[in-house]
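Here is a short briefing to read beside the sequence and the structure. Take the topics in any order.

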Amino acid sequence: MLPRTRPVLAVAIACLALSTTACGSGSGGDSSSGKAKVGLITKTDTNPYFVKMRQGAEQAAKSAHVDLSTAAGKFDGDNAGQVTALENMVASGVKGVLITPNDSKAIVPAIAKARAKGVLVIALDTPPEPENAADALFATDNVKAGELIGAYAKTAMTGKTAKIATLDLAPGISVGVQRHDGFAKGFGIGSTDPSIVCSQDTGGDQAKGQTAMENCLQKAPDINLVYAINEPAALGAYTALKAKGREKDVMIVAIDGGCTGVQAVKDGKIAATSQQYPLKMASDGVKAIAQYAKGGKKASGYTDTGVQLITDKPQTGVEAKDTGFGLKNCWG
Amino acid sequence: MTAPAPFTAGAANPFVLRRLLTTPVAGPLVALVLASVFFAIGTDQFLSGGNFSLILQQVMVVGTLAIGQTLIILTAGIDLSCGAVMAFGSILMARLAVHQGWPPLVAVLVGLLACGVFGLANGLLVRAVPLPPFIVTLGMLNVAFALTHIYSEEQTVTGLPGPLTALGRTFPLGNTDITYGSLVTVALFLGFAYALGSTAWGRHVYALGNSSESARLTGIRVNRLTVSVYVVAGLVYGIAALLLVSRTGVGDPQAGQTDNLDSITAVVLGGTSLFGGRGTVLGTFVGVLIVGVFRNGLQLMGVSSVYQTLVTGVLVILAVTVDQLSRKGTR
């Protein structure tokens, strides 16, 4: 039995491995086509936000006649995985790489190595620290995204004393800090103002958002305004509020503009959200690299890919679009 | 399909075939060679010295962890805490050197010792209480993870002094750039291959893994031996911690979160039995390379990373199947 099993299975292993790779190669580029190569490295593979980003990159790659290869970290925060992916892309001869850093600081040495080899590196969505570590940044202005919902909430709360819960991302992650601070600024308070009666980290996760809101309600039952880092966290908060019968008298505002999130705005679960455009970030990024590959100059500096307040209950003096527009332009 | 070719050649010469089959590394090695041939044909860039040294560099951290993991699995244990322990060691080294201004070498030594202490704690709990290794190291995974995040204040440590990143530097060899750290990893693999194969300690580890009770009856001090294995594994994780900071150039509190499973994957792909007592560190080295070659090769072909995960999963299940079937064969 033993002498026979092993070689047969070894061959099986190899064949399966080979056939699997053959199946997969359709999604990537053909190395012998002579087209310029472009890489996209997202935070994870599974988040709908990054799926949309990948779609934007694929569309732009097709029309710009470049080969796109994609990779991602294994989990949100996985720096080593992104470093490895970046090295492999440089080894495969890419002209440029679009990257959404999992860790703004930790990715910097790897980006520097890639740039030293003449690769154009554009950060998408999340800036590296320092921002000039990459050639360029194509992103939403997260502070402004926060300001929009902050200003909206301020107007909507006129005449009431605000008791605010903030459902944040995670300590030390710049996107979360910028959105939180932007919200406070738009609301006209400091980011640690006493009217913020509860702040909890959610990792942008719905289940954790629900737990966080439950805990906040234990701590301060009179909360009447919830700021959420994104819509999954906001929907978690809604579930927690509904369980207490409080969903009608507590206003929730969020950021992101995913399709589920905009639908929740339409359904009245979330009052307003700031919508961002991952598809545009990626497609503009691919175009910039394609241009560089054709002998054009390197993209540089910060390109704001836009942010839009979405609500069906507009407040006077706060510019907004309705959920019809939001659903047409949403991601996920 | 070109795959069966080596075996038709082998079948023509039964003696060579038998020799090959009595080496447990044979199966994984064949898989590695076939994968390499496939990627060499599939991409222009795979078959270059530069790419080979890149793969070595990419696998050095998980490879080093996998050495410690192999030792523990050989005793019929398992270590879920290795990645988290490494992360703690690396953040300790980085912060002591950068924020406390300690001499880098002292910081590295303290980091190594801290990892060794985690190993000691694991070993004592496994033997003295005793508790199942799975549970002990699951608990320790959370302890080390939490300590890392508390101690680091969730901050990435940048601006590491030269000695901490020295192993990440390269030297030219022919037309390739070899990373010093990958030499350390290769040396560790060779050293532990010798220690397991040719020292009393190593033979006792196998005896312990095959049957703890018969090992005890033959006069092996199994408690002391088990604890020594966990401590040695912990120190090896400490070396992995140094390799990690030297490779990425930063202290990263998020590091190592999936490395425990990656190291187990490498051990299993390398033909080491999860039931203990059978396997080699050289097999683990091949296992590590299989994962590295697939990740690198698929990326060079432009295949998205979910397929890398898919391939790795299939390979692991096949490898365990081989182990199970060959066990039945020997009974």
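Buried means under 20% relative accessible area, exposed over 50%, and partly exposed in between (1.4 Å probe, protein chains only). Helices (H or I, at least four residues) and strands (E, at least two) are DSSP runs, numbered from the N terminus. This is a predicted model: local features need pLDDT of at least 70, side-chain atom pairs count only at pLDDT 80 or more, and totals for chains, interfaces and linings use all residues. Residues are numbered from 1 along each chain as its sequence is written, chains are lettered from A and ligands numbered from 1 in the order in which they are written, and side-chain values use heavy atoms, with hydrogens and water left out.

**Strand S5 of chain A**

- Strand S5(A), residues 136–139, is covered on both faces.
- Ala136(A) and Phe138(A) are buried on one side, and Leu137(A) and Ala139(A) are buried on the other.
- In a regular strand the side chains alternate between the two faces of the sheet.
- Strand S4(A), residues 120–124, pairs with S5(A) in the parallel sense over 3 bridges; two strands pair if DSSP finds at least two bridges between them.
- S5(A) also pairs in the parallel sense with strand S11(A), residues 301–304, over 4 bridges.
- Leu137(A) stands opposite Ala123(A) and opposite Tyr302(A) in S11(A).

**Salt bridges**

- The whole structure holds 11 salt bridges over all chains; each is a side-chain nitrogen of Lys or Arg within 4 Å of a carboxyl oxygen of Asp or Glu.
- Asp45(A) and Arg54(A) form one of them, at 3.2 Å from N to O. Both Asp45(A) and Arg54(A) are buried.
- Asp222(A) and Lys163(A) form another, at 4.0 Å from N to O. Asp222(A) sits in the loop between helix H7(A) and strand S8(A), and Lys163(A) in the loop between helix H5(A) and strand S6(A), so the pair ties together parts that are 59 residues apart in sequence.
- Asp222(A) is partly exposed at 41% relative accessibility, and Lys163(A) is partly exposed at 31%.
- Asp249(A) pairs with Arg246(A), with the closest N and O atoms 3.0 Å apart. Asp249(A) is partly exposed at 41%, whereas Arg246(A) is buried at 18%.

**Ser92 of chain A**

- Ser92(A) lies in the loop between helix H3(A), residues 79–91, and strand S3(A), residues 96–99.
- Ser92(A) is buried, with a relative accessible area of 3%.
- Beyond its neighbours within four places in sequence, Ser92(A) contacts Lys37(A), Gln45(B) and Leu300(B); contact means heavy atoms within 4.5 Å.
- The C-alpha atoms of Ser92(A) and Ser69(A) are 9.9 Å apart, and the two residues are 23 places apart along the chain.

**Helix H4 of chain B**

- H4(B), residues 49–74, bends by about 50° at Met60(B); the bend is the angle between axes fitted to the seven residues ending there and the seven starting there.
- Of the 26 residues in H4(B), 23 are buried.

**Confidence**

- The model scores ipTM 0.73 and pTM 0.79.
- Chain B averages a pLDDT of 89, and 91% of its residues score at least 70; pLDDT is the predictor's confidence in each residue, from 0 to 100.
- Residues 1–12 of chain B stay under 50 in pLDDT.
- Where pLDDT is low, the predicted coordinates should not be read in detail.
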